[in-house]
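Colleague: Could we go through this model together? I'd like to hear what stands behind each label.

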Amino acid sequence: MIRVLLAEDQVMVRQGLKAMIETDGDIEVTGEADNGRQAVALCEKQLFDVAVLDIRMPEMDGIDAAKVLRSRFPHLKILMLTTFDDNQYVMDALKLGVSGYMLKDGDTESLIRSIKSALKGGLSLQDQVAAKVMPALLQKEEKEAIDPTLTPRERAILKCIGEGLNNKEMAERLGLSVGTVKNQTSQILDKLELRDRTQLAIYAIRHHLV
């Protein structure tokens, strides 16, 4: 069973999201919070697999909550949820290493797919969000060239990560075992001195591997 923490300050919206999420028999909302501070407090008492955080909440918003959760609970996958498709919100969330950014007007299937993708190491962005943030990422391309120590295989794995593939999908495309993909990904993280797969995806996009 996938354990989900749902943080949303509007009770009716939170109830609706919970009902959507739990249409999948493999997922259960085992914790609910009105704000980011409550979300952090719940994570200190319970074990969750995925946290779905609204961006705008009182006391502590989703971005600040994500910062705390990323530092204290590195195993926890985080999905940001909002009605606002503002570029800066998306960029701030991605820099933190969240696993996805969803708009509240998305459908049930997309939300469930994003939760399951997060657990497999995937990165989920709704189409309209991706359409806005990808040009912004490319405009902020780093001046230095791609790390010359990356091998062809590592570049291929980076490309797959930038496309949002999970470990199993990468293994099938590249003809590797899932274990090899995981090991190679860890080596790339060490080599580039990056923290997680989201940062690898941004690196791949900025350096035109995608």
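Predicted model: local features only at pLDDT ≥ 70, side-chain atom pairs only at ≥ 80, totals over all residues.

Colleague: How many helices and strands does the chain have?

Modeller: The chain comes to 10 helices and 6 strands. Helices (H or I, at least four residues) and strands (E, at least two) are DSSP runs, numbered from the N terminus.

Colleague: What share of the 210 residues counts as buried?

Modeller: 51% of them. Buried means under 20% relative accessible area, exposed means over 50%, and partly exposed is in between (1.4 Å probe, protein chains only).

Colleague: What share of the contacts with a separation of 6 or more comes from residues 24 or more positions apart?

Modeller: That share is 65%. Contact means heavy atoms within 4.5 Å.

Colleague: Why is E154 called buried?

Modeller: Because its relative accessibility is 3%, and the cut-off for buried is under 20%. After α7 comes G164, with a positive phi near 85°.

Colleague: What makes E154 and K191 a salt bridge?

Modeller: Their closest N and O atoms are 2.8 Å apart. A salt bridge is a side-chain nitrogen of Lys or Arg within 4 Å of a carboxyl oxygen of Asp or Glu, so the pair qualifies. It links distant parts of the chain, with E154 in helix α7 and K191 in helix α9, 37 residues apart. K191 has a relative accessible area of 30%, so it is partly exposed.

Colleague: How many salt bridges does the whole structure hold?

Modeller: The search finds 15. One of them joins the side chains of K116 and D24, at 2.8 Å from N to O. K116 lies in helix α5 (residues 108-119) and D24 in the loop between α1 (11-21) and β2 (27-33), so the pair ties together parts 92 residues apart in sequence. D24 is buried at 14%, whereas K116 is partly exposed at 28%. There is also a network of salt bridges linking R14, K18, E32 and D34.

Colleague: How do you know that E109 and R113 are about one helical turn apart?

Modeller: They are 4 residues apart in helix α5. An α-helix has 3.6 residues a turn, so residues three or four places apart point the same way. E109 and R113 form a salt bridge too, with the closest N and O atoms 3.4 Å apart. E109 is exposed at 56%, while R113 is partly exposed at 48%.

Colleague: What about R197: which side chain of opposite charge is nearest, and how far away is it?

Modeller: It's E169, 7.5 Å away, so buried R197 has no salt bridge under the 4 Å limit. For charges, Lys and Arg count as positive and Asp and Glu as negative, while His and the chain ends are not counted. R197 lies in helix α10. A polar atom of its side chain lies 3.0 Å from the backbone oxygen of L165. Leaving aside neighbours within four places in sequence, the contacts of R197 are G121, I161, L165, N166, N167, M170 and T185.

Colleague: How many disulfides are there?

Modeller: 0. A disulfide is a pair of cysteine sulfur atoms within 2.5 Å. As for cysteines, C43 is buried at 7% and C160 is buried at 2%.

Colleague: Why are E59 and E193 called exposed?

Modeller: Because E59 has 60% relative accessibility and E193 has 72%, against a cut-off of over 50%. E59 lies in the loop between β3 (50-54) and α3 (62-72), and its phi is positive, near 70°. E193 lies in the loop between α9 (178-192) and α10 (197-206), with a positive phi near 55°.

Definitions and conventions: Residues numbered from 1 in each chain as written. Heavy atoms only, no water. Polar contact = N/O pair within 3.5 Å; in protein donor to acceptor, adjacent residues only side chain to side chain.
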